[in-house]
Amino acid sequence: MANVDRPNGLKPVRYRSGQPYSGAHNLYYVPATTHNAMFIGDVVKEVGLIAAAGTNYFGIPVDTMNQVDAFAANDALAGGVIVGFLPNPNALGTTHLPADTAGIAMVADDPNLVFEVQESATITGVTQVEAVGLNTDLVIGTGNSTTGTSATEIDSSVTPVTTTLTVRLLRLVNRPDNALGANARWEVAFVEHSGLSATGIA
């Protein structure tokens, strides 16, 4: 049976040690100057500390909170994956963070996390069996504003390689509804992550 084409970004499932993911996350501020809408399952990058004293989000002090921004294909280091947002009292029914809107994102930022993610089509350049253990990139799609879920996927047009790319393909997700082929779901871990980098973030 063919795999269902249902991208929903990256979903944390466990740690590299085998310990299950229990929902741990850290809070990061998303400034209104972020021009991309953000969705659960989106990858984000760290952009440092808020410098403006007295900045708050509906009464929550955020002037000492680190910030994140949307991750783009040419960005060097991921900071983590969004697993939720603190509610906006003025838009309680919103399932995502619209563009140009301030918010507080709940980010699974541990560099040792393993995520489940769908590939965009069928991996090219090598067989899917050969792809295990190699590195590849992500393709950033437009999330679903109704469900609030990301459309980020493994970029199947990129041939997995041994050189540094965003994520490593660890193994195929072991479930009866998942098989090698188009839109297969994989377990991946970040290769390029700010928590793994020997140099600081800009």
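This is a predicted model: local features need pLDDT of at least 70, side-chain atom pairs count only at pLDDT 80 or more; totals for chains, interfaces and linings use all residues.

Me: Which residues does Val 43 touch, not counting residues up to four places away in sequence?
Reply: In soluble globular proteins, nonpolar side chains tend to be buried together. Not counting residues up to four places away in sequence, Val 43 touches Leu 10, Ala 70, Phe 71, Ala 78, Gly 80, Val 81, Leu 138 and Phe 190.

Me: Is Gln 67 buried or exposed?
Reply: Gln 67 has its place in strand S6 (residues 66-70). Leaving aside neighbours within four places in sequence, Gln 67 is in contact with Tyr 28, Tyr 29, Pro 31, Lys 45, Glu 46, Val 47, Gly 48, Leu 49 and Ile 50. Because the relative accessible area of Gln 67 is 14% and the cut-off for this class is under 20%, Gln 67 is buried.

Me: With which residue does Asp 75 form a salt bridge?
Reply: Side chains of opposite charge can pair when their charged atoms come close. Asp 75 is in the loop between S6 and strand S7 (80-85), and its partner is in strand S3 (residues 43-49), 30 residues apart. The closest N and O atoms of the pair are 3.2 Å apart, and the partner is Lys 45.

Me: How many residues apart in sequence are the parts that the pair of Glu 116 and Arg 185 ties together?
Reply: Glu 116 forms a salt bridge with Arg 185, with the closest N and O atoms 2.6 Å apart, and both residues are buried. The two also belong to a network of salt bridges that links Glu 116, Arg 175, Asp 177 and Arg 185. Glu 116 lies in strand S9 and Arg 185 in strand S14, so the parts tied together by the pair are apart in sequence by 69 residues.

Me: What is the distance between the closest N and O atoms in the salt bridge of Arg 171 with Glu 187?
Reply: Arg 171 lies in strand S13 and Glu 187 in strand S14, so this pair ties together parts that are 16 residues apart in sequence. Arg 171 is partly exposed, with a relative accessible area of 43%, whereas Glu 187 is buried, with a relative accessible area of 10%. In their salt bridge, the distance between the closest N and O atoms is 2.9 Å.

Me: What is the phi of Asn 183 near?
Reply: Asn 183 is found in the loop between S13 and S14 and, at 11% relative accessibility, counts as buried. Asp 100, in the loop between S7 and strand S8 (103-108), counts as partly exposed at 44% relative accessibility and has a positive phi near 60°. Asn 183 likewise has a positive value in a residue other than glycine, its phi being near 65°.

Conventions:
Residues are numbered from 1 along each chain as its sequence is written. Side-chain values use heavy atoms; hydrogens and water are left out. Helices (H or I, at least four residues) and strands (E, at least two) are DSSP runs, numbered from the N terminus. Buried means under 20% relative accessible area, exposed over 50%, partly exposed in between (1.4 Å probe, protein chains only). Contact means heavy atoms within 4.5 Å. A salt bridge is a side-chain nitrogen of Lys or Arg within 4 Å of a carboxyl oxygen of Asp or Glu.
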